[in-house]
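Subject: Structure handover

Hello,

Here is the structure I promised to pass on. Please open it first, then read the notes below it.

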Amino acid sequence: MTRAVKSVAIALKVNGENVNETVPVRRNLVDFLRADLGLTGSHVGCEHGVCGACTILVDGVIVRGCLMLAAQADGCEVETVEGADATGRIAKLQAAFHQRNALQCGFCTPAMLLTAAALLEANPAPTREEIRDQLSGNFCRCTGYQAIIDAVADAAEAGE
Amino acid sequence: MTFQAPIGSSLPRDRAKRLLAGRGRYIDDIALPRMLHLAFVRSPYPHARIVAIDIAQAAAMPGVIRVVTAADLEGVVEPWRGTHNLFPDMKVPVQTALATDTARWQGEAVVAVAARSRAEAEDAAEHIVVEWAELPAVSDASVALDPAAPVIHQDYDGNQAFTAAVSQGDPAAAFADAPHVVEREFRFNRHTGVSLETRGLVADYDPTSDRLTVHQSHQTPHQQQDLYARLLSIPEQNVRVICDDVGGAFGLKHHLYPDELAACAIAKLLGRPLKYVADRLESFLSDIHCRDHTVTARMAFDAEGRIIAMELDDLFHAGAYSQYPRSSVAEGNQIIRVSGIPYRHDHYRAETRMAYLNKPVLGHIRSVGHPIACAVTEQLVDLGARALGIDPVTMRQWNYLDDTDFPLTSMGGIALEKLSFQACLDRALERVDVDAFRAEQKTLRDAGVYRGIGFATFVDLTSIGPEYYGEGGQHISAQETCLLRLEASGGIRCYTGATDQGQGIDSGIQQVVAGVVGVPVSDVKVNSGDSELCPVGGGSWGSRGAALGGEAALRAGRELRGNILNIAGVLLQKAADSLDIRDGEIVDAESGAAHMTLDEVAAVGHFKPYMIPDDVDADLTVTARYASRGRIFLPANGLHVAIVEVDTDTGLIAFHRYLVVHDCGRLLNPMLVAEQVRGGVVQGIGGALYEEFVYDGAGALCNGTMADYLVPMAVEMPDIEVEHLETPTGTSELGAKGAGEAGTTGAFGAILNAVNDALAPFDVTLSETPLTPPRILQALGKI
């Protein structure tokens, strides 16, 4: 038998803006951000935490947006690529990615930027191996990764 | 012919800025008013008869608007057959948007649910009851061709779909007399493109105007426009296909998929917009796959190590149907055409056989057939070198076609203009000290460390000309058109029929237009991926954008430039050919002295046309077309060199170096070409080391998730050195050849040869991809 899907009211901060919404309890966070808030910069590639395309920040920590329910984000501060772009927090990474052509189709890119930014925050001068290790959970089918590693290294040098 | 900057400059891409800000426009980002969402019930069996379908409970569920079976689509959408008239003997079964009475692969779409949300559509799909009668499944090509095998298409008397063969010289006699013959059986397992954005579309049908607009994650908007018009019986001028940002394609998005056509048909049936985006499992079950070939091949050498003859037999399959609209012949056909191509030899025989069986459709993914042809050829060359005690480098130097051989028609029937095999090897040897490597290899072996070097010389058949699909009877444009419009303010709008899924074709065309007209690159805006606004072209496939789209852009740029100078000549009372356009200014061609700016010319052209006499060509909107003639392919070439280390305890393979020397003629943007090569290499590494669809004995997929189907990730991948040589084609003015598949083409061969070189002390030879740890350890007798 089918039962009606329950909804729950949540209040959170997304990219610095207060959000009050009612969401089905089964809706995951990235679907909520994309479909309910129109923040389509976070992408969905596998829906089970493997490809990394849905990476966002929750309370300052990078998480998989597909592995968390929207209901769990109640009371949290969420940042997506749109927010990181608007504040200029990832500007040096964005510039380095552009110069190095560290993206082709761009589908993995917002998550790559947020994941790389988390590395540079914790480790401002990473080695290439450390960069590769940090990005090991983000699938890119286009670039072969080298330009991405180069770009993150460039951004580190520029003092991201 | 020389071209001015920015042609040949490594400029970053305009489109990238938008994508970096999270402002991409992919399919699932689109939401239209009243839009419904689609989910499918797919066959859980590789082969089963549909006895009955009960939709009653699902149809009554929350949010459900309509449940659709094949019967509901009769009269809405036509069936099709993936024929190719150059292969008239091919058996081609009829395919439908939803399975009618029989499902022939696990994952074939059977029932569709349109609901207010995807979640509700999926909820309802779970409550559709299909009564199945399982049929015996055929899951292997050699089994499929056994006369006792179940026949999966009852219209035919067996599962063999087609055969093709090439023969030159007298290979039987050559092998009989040869002093040295090496022979291997090769196995290339099945994988696919795995674009990070899955297939998807939003179909929007307006019954009041009989107009269909499809936003689709696809490589070929004009092709889709034609298909939707014909199969849905809508006047073609009413059909518009828009391919905005595409999250990776790699060949898997230039086909017609039954589920996507069903979505368009249901949008027409319901008269409201409908979104379908494949989830990852649906992708693995229903995207076009590639490889799955078994090749037996041999090569004959004279006493000095010169290649005398080559033979190969290829066995593969199309899956359950022939891919549409291109047909599934090409992977086998390319193998028999391209194998052995870099080497001088006089006797050649190659045959391919294609079967139908109960797996997803197999067809065109990045570098169709080429990696197999390259790997087979290059491993035979290495085996010959080993048998004769000749160094693999010397073996290649002795046997390459060289400048004195061109032009020629290859053993496989491919017309070759000048290629650069020797020069590519020379450049590689400048970068890689092979003698030093051999010395280090020996030292390391004594310490139990096994490193190997592998070379793979390749030819890529790029930029297919109109004859192949034209004579094949398919509606596939292999020409390109470019439309340029000089705006009144002096900027240029460019519309191309080529498309860009991240390769940077938009940028290459932008650079050609800027260079030919004589304006800053920022003054040119390229628009692509819209079948209504863009002039007719083929989109993106088969490494064609730069060579074909670039040449059309060159022609259009030259025409626009001519008309600008005509207007300027009238205004300045000077001969048009005494003037030039440099950096957006009209200047004296000799002195370089500035006369006027482009916007002054444009303003006259737009607002004061009466100042220009009627007999002066002064159109500021121009189109130009490029259709190659008399050649089917535009061959490019290169060389891969891999240095790997094999851990003989774990079977893991690590890269120490990876070098590609690549020659795709004129480079429009060296950085973007290098990035195409790198990305292609890593896809090749995926196929060579990791990626493989695993099926159980009954033909059911065992690894349909991204956790189980392994793709290359950042940690395992090497930095890839790319060197460019430029041997422009003489068949076009621009001289560019295709580049998009070169990285993938050579990777299998280079890695197989490197691994076998590393394991030479163990006297084992591996010829099956992917080279997984279990395969390595089995070859070493450790498991």
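Leaving aside its neighbours within four places in sequence, which residues is B:Ile751 in contact with? The model is predicted, so please read everything here with that in mind. Once the neighbours within four places are set aside, B:Ile751 is in contact with B:Gly454, B:Ala642, B:Val644, B:Ile685, B:Ala688, B:Leu689 and B:Leu771.

**The core**

B:Ile751 belongs to the largest nonpolar core, which has 301 residues. B:Ile751 is among the members that touch the most other members. In soluble globular proteins, nonpolar side chains tend to be buried together.

**Chain B overall**

Chain B has 20 helices and 31 strands. Of its 783 residues, 58% are buried. Take the contacts in chain B with a separation of 6 or more: residues 24 or more positions apart account for 80% of them. The C-alpha atoms fill a box of roughly 85 × 70 × 45 Å along the principal axes. Why does the radius of gyration of chain B agree with a compact globule? Because a compact globule of 783 residues would have a value near 28 Å, and chain B has 27 Å.

**Domains of chain B**

Three domains are assigned in chain B. Domain 1 covers 14-23 and 479-626. Domain 2 covers 31-135, 195-249 and 253-286. Domain 3 covers 367-461 and 631-779. The C-alpha centres of domain 1 and domain 2 of chain B lie 39 Å apart. Their contact takes 15 residues from domain 1 and 16 residues from domain 2. On the domain 1 side, the residues divide into three nonpolar, 10 polar and two charged.

**Chain A against chain B**

How many residues of chain A are in contact with chain B? There are 40, and they meet 45 residues of chain B. On the chain A side, the elements that give two or more residues are helices H2 (81-87), H3 (91-100), H4 (109-122), H5 (128-134) and H6 (146-158). H3(A) gives the largest share, four residues. The chain A side divides into 17 nonpolar, 17 polar and six charged residues.

Over to you.

Notes: Residues are numbered from 1 along each chain as its sequence is written. Chains are lettered from A and ligands numbered from 1 in the order in which they are written. Two residues are in contact if their C-beta atoms, placed from the backbone, lie within 7 Å. Ala, Val, Leu, Ile, Met, Phe, Trp, Tyr, Cys and Pro count as nonpolar, Asp, Glu, Lys and Arg as charged, and the others, Gly among them, as polar. Domain bounds come from an automatic or database domain assignment. The radius of gyration is taken over C-alpha atoms; the globule rule is 2.2 Å times the number of residues to the power 0.38. A residue is buried if 20 or more other C-beta atoms lie within 10 Å of its own, exposed if 12 or fewer, and partly exposed in between; C-beta atoms are placed from the backbone. A nonpolar core is a set of buried Ala, Val, Leu, Ile, Met, Phe, Trp, Tyr and Cys residues joined through C-beta atoms within 7 Å.
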